[in-house]
Amino acid sequence: MARRGDFSSLLSGLLVLLFLISVSAVTHDHQDKQVYIVYMGSLPSRPDYTPMSHHMSILQEVARESSIEGRLVRSYKRSFNGFAARLTESERQRLADMEGVVSVFPNKKLKLQTTASWDFMGLKEGKGTKRNPSVESDTIIGVFDGGIWPESESFSDKGFGPPPKKWKGICAGGKNFTCNNKLIGARHYSPGDARDSSGHGTHTASIAAGNAVVNTSFFGLGNGTVRGAVPASRIAAYRVCNGECRDDAILSAFDDAIADGVDIITISIGDISVYPFEKDPIAIGAFHAMSKGILTVNAAGNTGPDTASITSLAPWMLTVAASTANREFVSKVVLGDGKTLVGKSVNGFDLKGKKFPLVYGKSAASSPSQAKCAEDCTPDCLDASLVKGKILVCNRFLPYVAYKKGAVAAIFEDDLDWAQIDGLPVSGLQENEFESFLSYIKSAKSPEAAVLKSVAIFYKTAPKVLSFSSRGPNIIVADILKPDVTAPGLEILAANSPKASPFYDTTYVKYSVESGTSMSCPHVAGIAAYIKTFHPKWSPSMIKSAIMTTAWSMNASQSDYASTEFAYGAGHVDPIAATNPGLVYDLTKGDYIAFLCGMNYNKTTLKLISGEAVTCTEKISPRNLNYPSMSAKLSGSNISFTVTFNRTVTNVGTPNSTYKSKVVLNHGSKLNVKVSPSVLSMNSMNEKQSFTVTVSGSELHSELPSSANLIWSDGTHNVRSPIVVYTGDFSPPSSS
């Protein structure tokens, strides 16, 4: 997913950065006016142009007042064009629609900051977040991916001491590959070396544990400080993918990483098909890691929004979905008649607002018989001579075709909730906007448009699970809810490999923007490592429980399975709250073996997973595994039912505490939920107490699960577990 072109946009990116710095001190006005930044791009070259007069004229026009005294806060007139002014919401809207205005930003959002996601979750930079530096420096994150770029500033060892004494790994990255006191180990499992050629491994590693690197951006987009959750921690890179990710390489990496002494494993890898645990290398490797006290964090996958599309299903792994944060990138399209449309794009190209002729794919067909396929911009259906030098308009996302046919930009219909990087200026319009756009093309005598460079917009709406994020329910173990949690996975700026061009040429960048559960997964791995710095002796299941039970509660965005707990699990991660959960649901290796026995696994199958001969002396039904969430699949919808869940919590809060239970119903469900006992009185740390949750009801909805939240509260801690009861026949989506 890429973009290429004229990179005079680098200069524009620098100007935007200077612009952001210069306005960072501007504050809100009183009453209903707020300070906004009006960015107008490059300065006109006309010798008679006077920016200050122009800005005052614009402001007077939108304010519709004779006096605008005190409204203009600042005028930008040396390196770029724009101004800061006190505006009402209606004035802001009028300004945003004016020709020549690139974007209008609320001033409070325009300041140099971390690249959005960590600040969004409350894990602030520097002294804004409590840390345990000495333990963080002894924490090692194993990254299973496509390698790493060791020279990236995100992995510099400036200020680092020697590796932790527990580290038993090696630096076997290959020829000319050097580790350091930050990147303390590297291995590869195919010919070549541990260097990252795709950018994927470098990106994920820097999200989890990269250094804080200031003044980073993608051609001016996302200006700020890139960092991981635990910048003082160490990284060990295991290249298990080299064009393909083979099972043997993944298992070899688990084998090495466990012996090397890593604390957390992050693996943004998965399959599109569901395999039994005994045939799933990640599930097998993660079981061995769990038995040695290592938590494995795995991406849920990018095959959503189909139900039952999730393939990371083992309960001893932490499975992560992907959701929005509070920032996204958009690219405006300014039509020849002055109307402005807003589309999605991570577009670093700056065409200086210049308008180009528009050509609809249908009008550029190679022959009349190919007009239909030309609407979709199918390569063989387009005449390059009719496309060259114009903005190609397509019914679907095919920017590479536009690039190959010589178009200067592309505009297409795009109903996705995420943007991509492409090899030329593009903008993806939602269906309504695209229809309006086509109407303009048909009615205008000489249709033309300008595709503007992307800008970041910030918002305060609750996070939503992204459409591509794989959904539950769990096909292998219906009574284990998956995914476990969700985390930011939309347009994340992080380190990149110089071998990986985001475009269609050889242009390379040190930091790039990517979306996917591959990005949300290392966020949670970093959070797990952050928790471990405060609780080094916690088991993997305790860390997992802390993350799940302190997650932000989320609500179904639509009335179907794909937008409920099967999309987000326990909710959106909260790294600060997870360090102090109050109570945790602990599990041991023996518990997981009893769980597998409860699934009627035989000795042979159990040995394939655990690696040792096992005799089933105890059986635990999946429903009664001491999991932080509770889920039950029933055989039919038109039945009365009663379901029980047995759970045990461990006190990790305060020695003398009393927890009272509270049940909150979700999605309009009519469940009856009883908790016994309803009060838990803890007298000491690490004390364990058990309880039973009984859920009853009738006539389940066939297209929506019935759910509730159980919350244990002592007045300080709120320990929340989702309860999900559902019915229906689910099968994984076809992989064809």
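I began with a network of salt bridges, in which Arg-187, Asp-256 and Asp-260 are linked. The model I am reading is a predicted one, and I counted 19 salt bridges in the structure as a whole.

Next I looked up Arg-71, whose side chain meets that of Glu-91 in a salt bridge with an N to O distance of 2.4 Å. I noted that this pair links distant parts of the chain, since Arg-71 sits in the loop between helix H2 (51-63) and strand E2 (72-76), while Glu-91 belongs to helix H3 (residues 89-96), 20 residues apart. I then checked the accessibility of both partners: Arg-71 has a relative accessible area of 5% and is buried, and Glu-91, at 4%, counts as buried too.

I turned to Arg-246, which forms a salt bridge with Asp-248, the closest N and O atoms lying 2.5 Å apart. Here I found Arg-246 partly exposed at 30% relative accessibility, and Asp-248 partly exposed with a relative accessible area of 42%.

My last entry concerns Arg-623 and Asp-479, a salt bridge whose closest N and O atoms are 3.0 Å apart. Arg-623 lies in the loop between helix H18 (603-610) and strand E26 (630-633), and Asp-479 in the loop between strand E21 (455-458) and strand E22 (485-488), so the pair ties together parts that are 144 residues apart in sequence. Are the two partners buried or partly exposed? I found that Arg-623, at 22% relative accessibility, counts as partly exposed, whereas Asp-479 counts as buried at 14%, because the cut-off for buried is under 20% relative accessible area.

Definitions and conventions: Residues are numbered from 1 along each chain as its sequence is written. This is a predicted model: local features need pLDDT of at least 70, side-chain atom pairs count only at pLDDT 80 or more; totals for chains, interfaces and linings use all residues. Side-chain values use heavy atoms; hydrogens and water are left out. A salt bridge is a side-chain nitrogen of Lys or Arg within 4 Å of a carboxyl oxygen of Asp or Glu. Helices (H or I, at least four residues) and strands (E, at least two) are DSSP runs, numbered from the N terminus. Buried means under 20% relative accessible area, exposed over 50%, partly exposed in between (1.4 Å probe, protein chains only).
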